[in-house]
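Please keep the sequence and the 3D view at hand while reading.

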Amino acid sequence: MSDNRPLLLVVASDAERPRGEFEVLVCGVGKTGAAAATTQRLARGGVRGVISFGVAGAYPAEGLAVGDVVVASEVGVLDEGLDTGERFVPFARAGMPVPGAGWTLCDASLVGEPSTHGEFRVVRGRIATVSVCAGGSRLAAERAATGAVAEAMEGAAVAFAASLFGLPFAEVRGISNLCGPREGARFDLTTALRNASRLLSKQ
């Protein structure tokens, strides 16, 4: 028996809203708005799954380019902790649990296949959820060492909210930039969002 309930697409801003007939929730940038807005919406019921959608920055060593798309295999909060000045120590390592800090598996069945091939790469991998974007090479390298290929600012918070309601979760992000020094770096939100949108099945 088919489930006719829609998927809920959670985006940070109207600029990331995909074209098409979707139920879209604009949550605001960051973990706080993402978790609160998603929880409030899911409490009303009527959806069969949740997708965090938008743009992301890719870690340079992973070989991704602007316009490529990442479908999350796992998501996790990476930057709740202590910066010692030499390295970052996650709070979870000190015995202080952070919701969403463990890698959470995603449900790839919520995401369709790209409608065209050859124009951009589609990669499945870990997407980190952070509050501070990596604007330097050291931070980008540290985060990439966790196995993450890209970073965004809402995914793991949305996933945590979905888990409270027992709903499947996925994250789809178009690469808008490479993480690291910002001066002279290329940003292309339009291409990133257009390509990521091709993986969204019509609801």
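**Helix α1 and its surroundings**

The buried residues of α1 pack against β1 (7-11), β2 (23-26), β3 (49-58), β4 (69-77), β8 (122-129) and α3 (155-164), where contact means heavy atoms within 4.5 Å. The model is predicted: local features need pLDDT of at least 70 and side-chain atom pairs count only at pLDDT 80 or more, whereas totals for chains, interfaces and linings use all residues. Residues are numbered from 1 along each chain as its sequence is written, and side-chain values use heavy atoms, with hydrogens and water left out. Helices (H or I, at least four residues) and strands (E, at least two) are DSSP runs, numbered from the N terminus.

**Faces and length of α1**

- K31, A34, A37, T38, R41 and L42 are the buried residues of α1; buried means under 20% relative accessible area, exposed over 50%, and partly exposed in between (1.4 Å probe, protein chains only).
- These buried residues line one face of the helix, because they fall within an arc of 150° when α1 is seen down its axis; the arc is that of the directions from the helix axis to the C-beta atoms.
- The exposed residues T32 and Q40 are carried on the face of α1 turned away from its buried side.
- At 1.5 Å a residue, the 12 residues of α1 (residues 31-42) should span 16 Å, which agrees with the 16 Å between its end C-alpha atoms; the expected span is 1.5 Å times one less than the number of residues.

**Strand β10**

- Strand β10 (residues 169-178) is largely enclosed by the rest of the structure, because 9 of its 10 residues are buried.
- β3 and β10 run parallel and are joined by 9 bridges; two strands pair if DSSP finds at least two bridges between them.
- In β10, I175 stands opposite A56.
- β4 and β10 run antiparallel, with 3 bridges joining them, and V70 stands opposite R173 in β10.

**Residue D188**

- D188 lies in the loop between β10 and α4 (189-197) and is buried, with a relative accessible area of 17%.
- Not counting residues up to four places away in sequence, D188 touches V66, I175 and S176.

**Cysteines**

- A search of the whole structure finds 0 disulfides, a disulfide being a pair of cysteine sulfur atoms within 2.5 Å.
- C106 is buried, with a relative accessible area of 17%, and its sulfur is 16 Å from the closest cysteine sulfur, in C27, too far for a bond.
- C133 counts as partly exposed at 36% relative accessibility; the closest cysteine sulfur to that of C133 is in C179, 7.2 Å away, too far for a bond.
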